Amino acid sequence: MAASSARDRLTVIRRHLAPHPRDSDLQGHGGQAEGAAGGGDGVQNKGIQWQTASDTTPPPHPHTTIPRKRQDLLKWNGWGYQDSKFLVHKEKDKDYYVSFTGSRYKIGNLVLPHFASWVKETLGVKFDDCTPPQPPPQPQDYPASIINQEFLDEMKRLGIEMSIEGEDRLFRAHGHTLAEVFVLREGMFPRIPDVVVWPGNHSEVVKVVAAAGKHNVALIPFGGGTSVSGALLCPEEESRPIVSLDTSQMCRILWVDEKNLTARIEAGIIGQDLEKQLQARGYTAGHEPDSYEFSSLGGWVATRASGMKKNVYGNIEDLVLQVRAVTPRGTIDRYTAGPRLSAGPDTQNFIMGSEGTMGVVTEVTLKVRPVPSVRRYGSVVFPDFSSGLACMRQVAFHRCQPASIRLMDNQQFKFGHALKPPTGLMGLLSDGIKKIYLTRIRGFDLNTMCVATLLFEGSEQDVAQQERRINTLALEVGGIPAGEANGERGYMLTFVIAYIRDLGFDYGIVAESFETSVPWDRVATLCHNVKHRVHSQCQERGIKHRFVTCRVTQTYDAGACVYFYFAFNYRGLSDPVHVYEEIETNARNEILGCGGSISHHHGVGKVRRQWMSQTISETSLGALRAVKQYFDPDNIFASGNLI
């Protein structure tokens, strides 16, 4: 037994300790070798590094959920899968109703009997007034490619897959802001990537970046395409060829260290594939942003992402032990296997949150945990938002958060109720009894009450203890436990809510979300003031039908994340996207005035870039520009994000 353990340990040690990369590994990479670029004197560092894909025979490429030809599975002009969508139906001589197609979600293939009436009442929708999107573009509709033939020839010689087909280029020209999706439905972007390349590993990325520098080609990294900050938009003023560097084929788990609970993973893997592969081995990363079905590990790092279960597993910066990224100057790496390092400022933070402006993430070492034995949902209803917020504050104060706890205001509570499927006779009776209990016995007002959804993970003992603690704190402020079903449904709706916007477009509704982080003593004021500001802006523009709601999604010792949804009926407005952007700009100014941040986890991109000078000092901005200039003196990574 001792010999076997020693062999296992030696395997892990060998995996972690390896010689520094040779200068020859980076030949042609920006004209400099790694040692010269890092030290400036041509002297190579003598250190140790994490094992990378090139150190051993790499594992085979696994099956990926999203194919390289994304258009074979995903919508070209909206969110998510082609077979998953909200549809409006009309029965003969009866009113309209809404259903959700497909079987990927629990709401799939179900009629939603209350949703159509909620949409008509809240947003003034007329279901006989439908504006379908334009048909898919024809080959002549795509902007012509700016071709650098020398670059294409080099990609071909290196064996790196590439495409100049219009569909491939368009799919990587945008994220999912309101403005971007509106363009897809109504027109065409003035500029889209000229070429798409699919490197298969870190070494091929090195070659692509080197070739881009050599031939003066601009690069924009592409992960899952879920950006809501305009980060993937091609700058219209860019005269060079723009290449979309798609990381999706870099999707392997290179190794899992079961003793140290770490895993080395290629950055192009999307969240659902990461979890499937880890859970097959009995582990989880636990990082679940709302977009995790489609967003990538590299994208999480590049935007400093946050997940729904951060209370247990942490935000992405808490999960990451090591980042490997390729810049035009060379590879950013760390040559240590320890869990923490005190060796000056952490250079990994140059890449964390850099949004593709300095380089592209290729490999990440993450902390992993054994899959929890118990996963349980819960919910609590409160008489009003202030009492729910008081409970959230106490939960954070006592540091007894479950994996996820999210408080929805009354508007979002009603919205969620409108999405309930049929419940049958017993369900109707049960709902009626609950309603009588809440309103007549407990005195709750259906126009003020709100709900918190809960997710517990851990051992049976830990989960039971967490449930008791949460329920006790809720009862102290007038809350009532509301059962597991409501919590599970609320968690599921997180993944389907993005599909609703596509339906809204068909009937004259534009919708978007925005978020912030704010200290605890300003959460209530910020929520109230921002919603009031949005309503006032709508009134000034004659917008009668609108929906403004918020929820508190993440809690910390010193504050919380607040997430807003905003939708309005744009019938009669000539430029609804511009109107929306004006209103959101005013809302963002209100957020900053109330002490909130420009973003908690969506990032900056191009949409929020104008507020960077109100977020960090001019000296700090100068430091970011200087780092950008060092890593990328010729602006090869020319997305124009952040700074």
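Biologist: Which strand is Thr553 found in?

Modeller: This is a predicted model, where local features need pLDDT of at least 70, side-chain atom pairs count only at pLDDT 80 or more, and totals for chains, interfaces and linings use all residues. Residues are numbered from 1 along each chain as its sequence is written, and side-chain values use heavy atoms, leaving out hydrogens and water. Helices (H or I, at least four residues) and strands (E, at least two) are DSSP runs, numbered from the N terminus. Look along residues 546–555 and you will find Thr553 in strand β20.

Biologist: Is Thr553 buried or exposed?

Modeller: Buried means under 20% relative accessible area, exposed over 50%, and partly exposed in between (1.4 Å probe, protein chains only). Thr553 has 7% relative accessibility, so it counts as buried.

Biologist: Which residues does Thr553 touch, not counting those up to four places away in sequence?

Modeller: Contact here means heavy atoms within 4.5 Å. With residues up to four places away set aside, Thr553 touches Ile405, Arg406, Cys561 and Tyr563.

Biologist: Over how many bridges do β8 and β9 pair?

Modeller: Two strands pair if DSSP finds at least two bridges between them. β8 (residues 253–257) and β9 form a hairpin with 4 residues between them, and Leu261 in the turn has a positive phi of about 55°. The antiparallel pairing of β8 and β9 runs over 4 bridges.

Biologist: Which residue of β13 is the bridge partner of Thr262?

Modeller: β9 also pairs with strand β13 (residues 360–367), in the antiparallel sense and over 5 bridges. In β13, the bridge partner of Thr262 is Lys367.

Biologist: What percentage of the protein chain's residues are buried?

Modeller: The chain has 19 helices and 21 strands. Of its 643 residues, the buried share is 56%.
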